[in-house]
Protein chains: 2
Amino acid sequence: MSGVGGVRPGGRTARTRDAVRRATLAELAEKGFDGLTVEAVAARSGVHKTTVYRRWRNAAGLAADALDLAAEESWPLPDTGTIGGDLRAITALVVAGFADPERGPTARALVAAAVHEPTMGEALHGFLVGRLGQAEAVVERAVARRELPVGTDAGEVVRVAVGGLYYRLFITHEPVDAGQARRAADAAVAAARAGVFVLDRA
Amino acid sequence: MSGVGGVRPGGRTARTRDAVRRATLAELAEKGFDGLTVEAVAARSGVHKTTVYRRWRNAAGLAADALDLAAEESWPLPDTGTIGGDLRAITALVVAGFADPERGPTARALVAAAVHEPTMGEALHGFLVGRLGQAEAVVERAVARRELPVGTDAGEVVRVAVGGLYYRLFITHEPVDAGQARRAADAAVAAARAGVFVLDRA
């Protein structure tokens, strides 16, 4: 897509940011957050070290920007026709994403770093609140279909569906399998059907 | 309680360990995990620095041991007569514990550190698996009362009840209130009643 007057909007800047982002993700996958350095990202991306320092400052800034860019990407929302099918597809995606041999290590490193590093924490907050907000559409469609009670809080439903999986992966450090992903989705649906997330309820 | 021959078993060792543990918790509350040092714990506890280095090695060793000691403490399981009442009491305890002005900062620092520090991660795994195991008793009582279906997996029920709260506190960095704690418990109960956690089910 060209911008006004043939100048691609943010062309060179966007290319630099993308190169730095890809180098950051590759470094994270190989070395984890604690091994992430501005020097290595500069060398890998071919962007000058002083530019990287000036714009991203440090490892947390690099990783946070990678998350910000990921937040802008759209992801295909499932539309299976039932809330159970949609939520099962979403929880399966979460589990498969962290288990993926290629993308999993980077994703796990980003989340783990964000738990105790404030800049990263803010970026992950923005990323997840955005993703969860998109996922809320499956709940809203189910309410419109009268599969779930009117007044159901969509945000709470999607958080109950995925929260327990993150809890096992990052807090209790327990393995998570496809069965747990399915039951996490089913639990959110059963609770929503029972009216637990209709917020005016006592 | 005296040991054989009037020698208190591990008397001096136990006192040293307790002094170091209390100093570790106080330092964690004030400075967080990243500010925790062997030197400061030694000074605060009155235990010689070389002893602390030899037995606990570093900040992760100190914090992990504090968690191990906490794991040995018993906590009062609620027994309200209903699974809903019991799980609501447990989720309320979780939220109140992290919000407590005195104990909350230490608890949050321990969990946050454990997400990315392997020694701490193992200690938190042991601590939480132990606590969750104790909490499973409220589900087993409910099954015995026929409040929940026979074959309900107690471990999954308690993890669904508390998992979403940890998810908000440590992963999405969203506020958690008493209403969410109540709904998290209610969601686990509704799902369990619907048979979601009877594991033979497809």
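This is a predicted model: local features need pLDDT of at least 70, side-chain atom pairs count only at pLDDT 80 or more; totals for chains, interfaces and linings use all residues.

Me: Which residue of chain B meets A:Glu156 in a salt bridge?

Reply: The partner is B:Arg183, with an N to O distance of 2.7 Å between the side chains. This pair crosses between chains: A:Glu156 belongs to helix H8 (residues 154-172) of chain A, and B:Arg183 belongs to helix H9 (residues 178-193) of chain B. Another salt bridge joins the side chains of B:Arg159 and A:Glu174, again with 2.7 Å from N to O.

Me: What area is buried between chain B and chain A?

Reply: The buried area is about 3300 Å², and carbon and sulfur atoms give 64% of it. B:Tyr167, B:Ile171 and B:Arg183 together supply 20% of the area that chain B buries against chain A, more than any other three residues. In terms of contacts, 39 residues of chain B touch 38 residues of chain A.

Me: How many helices and how many strands does chain A have?

Reply: Chain A has nine helices and zero strands. Its pattern along the sequence is accordingly written α-α-α-α-α-α-α-α-α. The C-alpha trace of chain A spans about 55 × 50 × 30 Å along its principal axes.

Me: Into which domains is chain A divided?

Reply: The division gives domain 1 (11-71) and domain 2 (76-193). Their C-alpha centres lie 27 Å apart, and each domain of chain A brings 12 residues to the contact. Between them, domain 1 and domain 2 of chain A bury about 1100 Å², 82% of it on carbon and sulfur atoms.

Me: How are two packed helices described?

Reply: One gives the angle between their axes and the distance between the axes. In chain B, helix H5 (residues 83-99) and helix H7 (residues 118-144) pack at about 170 degrees, with axes 9 Å apart. An angle over 145 degrees counts as roughly antiparallel, and H5(B) and H7(B) are therefore roughly antiparallel to each other.

Me: Which residues of H5(B) and H7(B) meet?

Reply: From H5(B) come B:Ile83, B:Asp86, B:Leu87 and B:Ile90; these meet B:Ala135, B:Val138, B:Val139, B:Arg141 and B:Ala142 in H7(B). Sorted by class, this contact has seven nonpolar, two charged and no polar residues.

Methods. Residues are numbered from 1 along each chain as its sequence is written. Chains are lettered from A and ligands numbered from 1 in the order in which they are written. Side-chain values use heavy atoms; hydrogens and water are left out. Axes are lines fitted to C-alpha atoms, for helices over the stretch in contact, and angles run from 0 to 180 degrees between N-to-C directions. Helices (H or I, at least four residues) and strands (E, at least two) are DSSP runs, numbered from the N terminus. Angles under 35 degrees count as roughly parallel, over 145 as roughly antiparallel, 65 to 115 as roughly perpendicular and the rest as oblique. Contact means heavy atoms within 4.5 Å. Ala, Val, Leu, Ile, Met, Phe, Trp, Tyr, Cys and Pro count as nonpolar, Asp, Glu, Lys and Arg as charged, and the others, Gly among them, as polar. Domain bounds come from an automatic or database domain assignment. Buried area is the accessible area (1.4 Å probe) that two parts lose on being put together, summed over both. A salt bridge is a side-chain nitrogen of Lys or Arg within 4 Å of a carboxyl oxygen of Asp or Glu.
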